[in-house]
Each structure stands twice: as C-alpha cells, then as structure tokens.
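This briefing goes through a single structure by topic. Please keep the sequence and the coordinates open while reading.

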Amino acid sequence: MKYLTPGPVQLPPFVLEAMARQPPFHRSEAFRQLFKSVLDKLTKVYPTRAIIMPGTGTLAVDTMIYNYVDPGEKVLALVYGEFGKRAVESAKTRGAVVVEIERDIPPAPDEVDDMLRKDGEIKTVLLIHNETSTGIAYKDVKKLIDVVKSHGAQLLVDSVSGFPAEPLPPGVDVVATASHKAFLAPPGASLLFISSTPKTSAPVPPVMDLRKYIKTLEHLETPYTPPISVIFALDVSLNYIIEMAEQYVEMHRERVEYLYRHVKLQPIPPPQIRSSTVTAFICEKPREVIKRLKEVGYVIAGGMYKYRERSIRIGVMGDVTFDDLKRVSEVINDVVE
Ligand SMILES: Cc1ncc(COP(=O)(O)O)c(C=O)c1O
C-alpha cells in the first residue's frame, strides 16, 4: 500500500532505516548529541526556539493554547474547517472567551485588522495555517503577523499539516505542528516553535508545561521520556528538507497542481488559496473511489467537516511520485466518469 493521505505520510526508505535502531537512554551523551542535532536543524527550518514533546498534532495545539492563553482571556479564532473547530474547542476548554469567525474562506488580514480595532480586548488570534479538512491554506500570514502585532496581540498558529511544505514566514509567536506530515517522520512527536516564554499565569498540566521543557533544554534534556525513535527519523528527514530548501515547497506545489489539473472532480478550495500538501475534491462516490484505489494499492482519505460524506482528500506529502499521482488520477476519473 502507498499512502497518499494527509498523514501519516508515506515515508522514504532512508527515514525508515534511520529509526531501526536501539533508542539510547535519554539521560545519556548519545541522546544529547542526537537531540542537539535535531533542535539545531529545526531552528534552521524556522528561526525560533524549537520544542519536541512526545505526542501528536492535537497535543501540540493544546499545549500552545494552554501555555499562551489565560482562562477568561478573549481569543479571536479564524475557523474555516474541522481543525479550526477543534482549536476553538481547545481554547474553550482552557476557559478562554472565544470570538469565532467561521467562513468557507478565511478573512483577509485587513478584515482581521478591523475586527481587532473594534474589540480592543482581543489579544490573541488563533489561525489554522493549513486546513486539512478542506485543502485550504492561509496564504497571507506575513501580513497577518503585521496586523496582529500592530494591535499588541499574539498570533498562535496550527500548522500541523502545512509547515514546512506550505511555507510560513518568520514572526509567528507560536507554531504548533507534528512529526508525521510535512516533516516526513512517523507519528509520535509534537513540535512547537516558540518565540517567547509562555505567557500564562494559570496552571498547565505537567506534560504540557512548556516551562519545564525550556528548563531542561539548558542541559539538552527533556522533562519526560522523549519519542527517541521519531527523533532519529527527524534527524535524517530534516537533512533532506534543509538540503532541498525552496525546492521542497515547489515540489509539493507541483504535485498539488498536477492533481487539480488531472482529477475530473470539482476542487473544494479556490485556486489562490490551495494548500500545497492536501487536495480536496467534491465527490459523490467517495467510498467507491477509496475502495477502487485500495484495490490498486493506494490509500487516500475521505471527507471531513461539512463535506464529510461527499468529498475525497489526497495528500501529496512524503515519498510520492508523479507516476503515483497519474495512477491515482486515472483510477478516480475511471470511477467518477
Ligand atoms: C490542521 C491540523 N491540526 C491538528 C491536527 C491533529 O493532529 P493529530 O491527529 O496528530 O493529533 C491535524 C491532523 O490531521 C491537522 O491536520
């Protein structure tokens, strides 16, 4: 089976091989060397302090919210899919007062500027960078950073399925992501990029308490057992990502464009805001398409959000070739035509 899902993604053999070894004790020099190597590479990919925790994308998002939002604080959430709803749920669980703007297409930075001007109590904006449920990416993060900063607010970003294949400009206050999508490693590590120390004055559950992670980083350690096998994988996947530089983004864009050109179904995202990592199409026969693809060795994903029973999603991260994309397009077209 080959996985063209929105994650976990199809891993290249060199990543699988890097993991196949005994994890060292995490209070040893061998681990410290590995950990330093990966932290340095993460900081190359996004120029802030990187945190690695055992966990998933959801844990990264919850950790971001619990460390940077206080109960009772007002948060503006830009929601345009399922993962936006989940981020809202997390912020509400934290006790935040959430102003939720739910649209098919997220508001442009100018509109967010108006919203922040009208409500001076909002000091946090919560954004999904790459909305996996609809295949839409927020393309103008650079301008959004400027707008949010001009109001003395902070920008918290879920980029679990986007970065680093969907580019993110420097300057986001906190980015929450994970190992198993565009970072080209297996599930098991929550990744956070933080540009300031946690802001909250309220208690945070110990396993999510970033202050503990920052403190132990001084000795190149982690407060709890880290996902060591995943860190081995990240050590080599990050070499590949760093070597490819801008080509890494370009390669994903070309794959997405190929699918949007060849699959004869209506795309969910309009052209200017299409994600570079996940495609989404309206499809009246999603189960049949998924079944036929499985028969020829491909796994893709069904729909989510308001398109749950009437769409398909194809991920293009990981070890994917144009031959795969061609075959997948042909099979889909064969079923739907
Ligand atoms: C945008 C986004 N946020 C959060 C998550 C949750 O990640 P996980 O399933 O690893 O907890 C996902 C997973 O697909 C996602 O795509």
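**Ligand shell**

Helix α3 (residues 57-68) supplies three residues to the shell around the ligand, the most of any contributor. The model is predicted. In total 14 residues surround the ligand, and the closest are T56, G57, T58, T132 and V160.

- By residue class, the shell around the ligand holds six nonpolar residues, seven polar ones and one charged one.

**Parallel strands**

- Strand β3 (residues 74-79) is mostly covered, with five of its six residues buried.
- On one pairing, β3 runs parallel to strand β4 (residues 97-102) over six bridges, and L78 stands opposite I101 in β4.
- Together with helix α4 (residues 82-93), β3 and β4 make a right-handed β-α-β unit.
- β3 also pairs in the parallel sense with strand β5 (residues 122-128), over five bridges; here V75 stands opposite T124 in β5.
- β5 in turn runs parallel to β8, joined by five bridges, and T124 stands opposite Q154 in β8.
- β8 is joined to strand β9 (residues 174-178) by three bridges, again in parallel, with V157 opposite V175 in β9.

**Burial of strand β8**

- Five of the five residues of strand β8 (residues 154-158) are buried, so β8 is largely enclosed by the rest of the structure.
- In a regular strand, side chains alternate between the two faces of the sheet.
- In β8, Q154, L156 and D158 point one way, while L155 and V157 point the other way; all are buried.

**Antiparallel sheet**

- An open sheet of three strands has the order β11-β14-β13, with antiparallel pairing.
- Its edge strands are β11 (278-282) and β13 (301-302), each of which pairs on one side only.
- β11 and strand β14 (residues 311-315) run antiparallel and are joined by five bridges; the bridge partner of A280 in β14 is R313.

**Helix α11**

- The 15 residues of helix α11 (residues 322-336) should span 21 Å at 1.5 Å a residue, which agrees with the 21 Å between its end C-alpha atoms.
- Which residues of α11 are buried? They are L325, V328 and I332.
- Seen down the axis of α11, these buried residues fall within an arc of 70°, so they line one face of the helix.
- The face of α11 turned away from the buried side carries the exposed residues F322, D323 and D334.

**Backbone exceptions**

- Most residues other than glycine have a negative phi, and most peptide bonds are trans.
- A cis peptide bond with omega about 0° joins G7 and P8; P8 lies in the loop between β1 (2-3) and α1 (13-19).
- The peptide bond from F163 to P164 is also cis, with omega near 0°, and P164 is placed in the loop between β8 and β9.
- L184 has a positive phi, near 65°, and sits in the loop between β9 and β10 (188-194).
- Is L184 buried or exposed? L184 counts as buried because it has 26 C-beta neighbours inside 10 Å, where the cut-off for buried is 20 or more.
- L220 has a positive phi near 55° and lies in the loop between α7 (210-217) and α8 (228-244).
- L220 has 14 C-beta neighbours inside 10 Å, so L220 counts as partly exposed.

Technical notes
Residues are numbered from 1 along each chain as its sequence is written. This is a predicted model: local features need pLDDT of at least 70, side-chain atom pairs count only at pLDDT 80 or more; totals for chains, interfaces and linings use all residues. A residue is near a molecule or strand if its C-beta atom, placed from the backbone, lies within 6 Å of it. Helices (H or I, at least four residues) and strands (E, at least two) are DSSP runs, numbered from the N terminus. Ala, Val, Leu, Ile, Met, Phe, Trp, Tyr, Cys and Pro count as nonpolar, Asp, Glu, Lys and Arg as charged, and the others, Gly among them, as polar. A residue is buried if 20 or more other C-beta atoms lie within 10 Å of its own, exposed if 12 or fewer, and partly exposed in between; C-beta atoms are placed from the backbone. Two strands pair if DSSP finds at least two bridges between them. A crossover is right-handed if, with the strands pointing away from the viewer, the path from the first strand over the helix to the second runs clockwise. The expected span of a helix is 1.5 Å times one less than its number of residues. The arc is that of the directions from the helix axis to the C-beta atoms.
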